[in-house]
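Have the picture open while you read.

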Amino acid sequence: MDEPSVESAQLLGRIYFIAVIPFFGGAVAPWIIGPSGGAEVPIFLLWSFTVLIFCAAGWLGFSVGARVKYAPLHTFVGLVVCGCAVGAFLAVQTHKTFLAASVLTVLHWLHLWWLQKTGGLDKDALKQHRRFVWTVLACHMMVLLNMIYAVKTA
């Protein structure tokens, strides 16, 4: 393994660590702040939307830039993921936060599945991305459970 690949994987790991902090904060906010912590859900979903768009566009750029054989298919999948993410963001704007959180959870998982299925990434980068996405999915599940709990106790 050459040195630039190791350095870039370490940098990617640091970036992912910083990006996970708001996810973790949004997932545990209702436990720390109390019932008013549910007001943080739209901010959590905005961050989720931003990260999903950034990841989809970034990996789309890498696949097209590397002149992958199936670049049009990668472009189509990236645009579909981004389009569905915009739909989820619009659901947040109409106060359908549970629907938006569910859609964004599925989109994060589908995007990871697509990256694993196509196999066009470096193994170290894919390993870092896989850790990041599974952490994000766990935080989404906590937010969904917090929303269910808030409805049950109301």
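## A cavity and the helices around it

V51, L52, C55, H108, H111, H129, F132 and V133 line the largest cavity. This is a predicted model, where local features need pLDDT of at least 70, side-chain atom pairs count only at pLDDT 80 or more, and totals for chains, interfaces and linings use all residues. Residues are numbered from 1 along each chain as its sequence is written, and side-chain values use heavy atoms, with hydrogens and water left out.

So what is a cavity here? On a 1 Å grid over the protein atoms alone, it's a set of points where a 1.4 Å probe fits but cannot get out, and lining residues have an atom within 4 Å of a point. The largest one has a volume of about 40 Å³, a volume being the space filled by probe spheres set on the points, with grid points joined across faces, edges and corners. Its lining has five nonpolar, three polar and no charged residues (Ala, Val, Leu, Ile, Met, Phe, Trp, Tyr, Cys and Pro count as nonpolar, Asp, Glu, Lys and Arg as charged, and the others, Gly among them, as polar).

Now for the helices, which are DSSP runs (H or I, at least four residues) numbered from the N terminus. Two packed helices are described by the angle between their axes and the distance between the axes. Axes are lines fitted to C-alpha atoms, for helices over the stretch in contact, and angles run from 0 to 180 degrees between N-to-C directions.

Take α2 and α3: their axes come within 9 Å and cross at roughly 170°. That makes the two helices α2 and α3 roughly antiparallel (an angle over 145 degrees). Among the residues making this contact (heavy atoms within 4.5 Å) are F49 and L52 of α2, along with V81 and F89 of α3. By class, the α2 and α3 contact has 16 nonpolar, three polar and no charged residues.

Next along, α3 (residues 71-93) and α4 (residues 97-118) have axes that come within 8 Å and cross at roughly 165°. These helices, α3 and α4, are therefore roughly antiparallel too. Their crossing is left-handed, which is the name used if the near helix is turned anticlockwise from the far one by less than a right angle.

What about α4 and α5? Their axes come within 10 Å and cross at roughly 160°, which makes α4 roughly antiparallel to α5. The crossing of α4 and α5 is left-handed. The contact includes H108 and H111 of α4, and H129 and V133 of α5. Its residues divide into 15 nonpolar, eight polar and one charged.

Definitions and conventions:
Parallel < 35°, antiparallel > 145°, perpendicular 65-115°, else oblique. 1 Å grid on protein atoms, 1.4 Å probe; cavity = no way out; pocket = protein on both sides within 12 Å on 5 of 7 lines; lining within 4 Å.
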